[in-house]
Amino acid sequence: MPPPKDVVKIAIQMVGAIPQLIELQQTKPLASVLKDVCDAWSLPNAERYALQYADGRQTYITESNRRDIKNGSILRLTTSPDQEAEQLYIGIQSKNVDVKTDSLKKLASLSQDVTFAQEFISRNGLKQIYSIVEEGNDTGEMLAHTLKAFTELMEHDFVSWENLSTVFIKKIVSYVNMNAVDASIQQLSLSILENMVPTSRLLFEVVKKEVTLDRLLTHLQVTNAQLQLKAMALLIALLLSATDAERQDMMDYLREKNIRQFIHKNIIHSSEPLGDEMAHYLYVLQSVSLNLCEHRMKMSMDPYSQEQRDLLQSLRQTAFESESEAPAGTFSTERRRSLCAKEFRKLGFMNNSNPAEDLRRAPPGLLALDNMVYFSRNTPNAYSRFILENSSREDKHECPFARSSIQLTLILCEILHIGEPCSETAQAFYPMFFGQDHFFEELFCICIQLVNKTWKEMRATQEDFDKVMQVVREQITRTLSLKPTSLELFKTRVNALNYSEILKLRQTERLHQEETLAAPVLELREKLKPELLELIRQQRLLHLCEGTLFRKISSRRRQDKLWYCRLSPNHKVLHYGDVEEGVQSPPIESLTEKIPVADMKMLLVGKECPHTKEKSSGKQNKDVLELAFSIVHDVEEYCLNFIAPTRYEFCLWTDGLNVLLGKEMTSERTQTDLDVLLSMELKLRLLDLENISIPDNPPPIPKPPSNLNFCYDFSHAEQ
């Protein structure tokens, strides 16, 4: 008979004593439980003791988290958090250097626990940490433990970052700016400043003033990967907290210092593999840089702006320079206006009498004009060839440069997500972005020539404009998905993907997606489905058994902390626990936490998950919602919360958990996998029927014969 829900069987250890095996009554006050445990070991003053997990994070057991204790958990009797906090508070003030260092080391470890942190902070412990940093000149082990303890204590959000003194902040800044200081201290200092920057405008300005971009670039050039990562994290925090004008100035300065080329050479193409954290920061840096185009993208052309009109006229003058060289007095005003209108029509403007009207649509707004001007000035030969080539074609077959440029700019903005907020989890950056200054403009130059090439391949007319631009979008998207490492490689690949190749790819995909609709084939599909669905279920469970590395994300910042979850080989228990960076597949024995599959009640996804509702910002990030899921176990109040690293992992995990819960697999990946498997299986089954048409209806059954006297009579043969 299973034990009641309010009772869990656990072991309790104590140094130098025989462990106790008890049945913990969850309804019984924790103080009474501790008294019984202490009495069994004849220990007085039970109030001075507490229980904590023996493995993993070694969290203290409190009334608020006791329901997380599972059957088979191993706890340890230890000094209570208030006693530990008091002892360490005294220890970190000791005159004995060894005692002080040991106390700070233990403090750094225990501060991860929220109960201990609350007790230590309530004793004004942070004031002592401030004093050690502000007054001390030590840059060794003691300081490293102090900064680590401070970081862990501030993680719990009991104290505002705005309470920090100017002296403390400047001391932290000095460790970042020093050359002769231990790398671990610089990492912790950079991490503290990274946390500080988003909390208030005042702190942002202090850090921006004290830690120069030059200093951060110096840290980015070191060989220590962790120091490099923390420097990048602070740089990203500063960029995200800056105003638009400040961000523009910072990015301009970084461009002058060739940060892109450095990142491209020393980070992306370094001998060390790129970690998830760095990939995310590079994605954010790319996104922030591209979003500088947003202002021009959303600004319509002002026909009364002389600067904008001059840019527009420069397009005409560059293309038709020889024709425009005639002296001003040669033509009348009306004749000149007519000539300009004709030239703007050749440039591909729809409203050739007032081309500014074409650029009033925003997006792409003035960004399209900027791209056209950049193309005409930086590749004048290609620009002139584009215009003159199309001027000599028949009216209906000419590729309109201006109209194509406006639409192409809009397509590139959509593909590169310009104007969209940065995702909290995305890591999808383009390596070629960091290998080229003026990336967006250079990409446009390649793609506008692609438009002209594709237009000719399709033998398009003006009526085919939307169809051509759709093919160009597909060419760009397919090529970008290959992650080319340079614009030159992108140019080579996108030009190789011509219209005929696109048609072949579409045809292949259509054949994969559209199976023949003959009734016998549809019937065969339905018969094959259960077997293939079972195959997908087994694959999902195997993936859960292999496990996945998940990342913890708080509302304030992207966390460095990782945890791993995997299913036991017998499919009965989910094991999970914290792991260190760089651990790919930890053994199942090292994952100390576990949830029996039998205790799982339901699966929540997206907005239903408790950890997406807890976000304080209210403006929930779309990417996090799409990757969030939770397992409800025991009673509904207790959940194990996940944020999948990718949509692929989200689909596999939610499918696998639904299989364990005895429910249908509902992810889009299930349908995709099923379609692929059905397509392959049907092709194999119908291989012998190639080039034979399958009728929609089975052939009619012939009428029975008038008599059955047609079988062979063996008796005659024997005679």
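This is a predicted model: local features need pLDDT of at least 70, side-chain atom pairs count only at pLDDT 80 or more; totals for chains, interfaces and linings use all residues.

Trainee: Are H2 and H4 parallel, antiparallel, perpendicular or oblique to each other?

Mentor: Helix H2 (residues 81–91) packs on helix H4 (residues 114–122) at about 50°, with the axes 8 Å apart. Angles under 35 degrees count as roughly parallel, over 145 as roughly antiparallel, and 65 to 115 as roughly perpendicular, with the rest oblique. So H2 and H4 are oblique.

Trainee: Which residues of H4 meet H2?

Mentor: Contact here means heavy atoms within 4.5 Å. On the H2 side we have Pro81, Asp82, Glu84, Ala85, Leu88 and Tyr89. Their partners in H4 are Thr115, Phe116, Glu119 and Phe120.

Trainee: What is the volume of the largest cavity?

Mentor: A cavity is a set of points on a 1 Å grid over the protein atoms alone where a 1.4 Å probe fits but cannot get out. A volume is the space filled by probe spheres set on those points. There are two cavities of 30 Å³ or more, and the largest has about 80 Å³.

Trainee: Which helix gives the most to the lining of that largest cavity?

Mentor: Lining residues have an atom within 4 Å of a point. Among them are Met251, Leu254, Arg255 and Phe433. Helices H12 (244–256), H13 (259–268) and H14 (276–290) each give two or more residues. The one that gives the most, with three residues, is H12.

Notes: Residues are numbered from 1 along each chain as its sequence is written. Side-chain values use heavy atoms; hydrogens and water are left out. Axes are lines fitted to C-alpha atoms, for helices over the stretch in contact, and angles run from 0 to 180 degrees between N-to-C directions. Helices (H or I, at least four residues) and strands (E, at least two) are DSSP runs, numbered from the N terminus. On a 1 Å grid over the protein atoms alone, a cavity is a set of points where a 1.4 Å probe fits but cannot get out, and a pocket is an open set with protein on both sides within 12 Å along at least five of seven lines; lining residues have an atom within 4 Å of a point.
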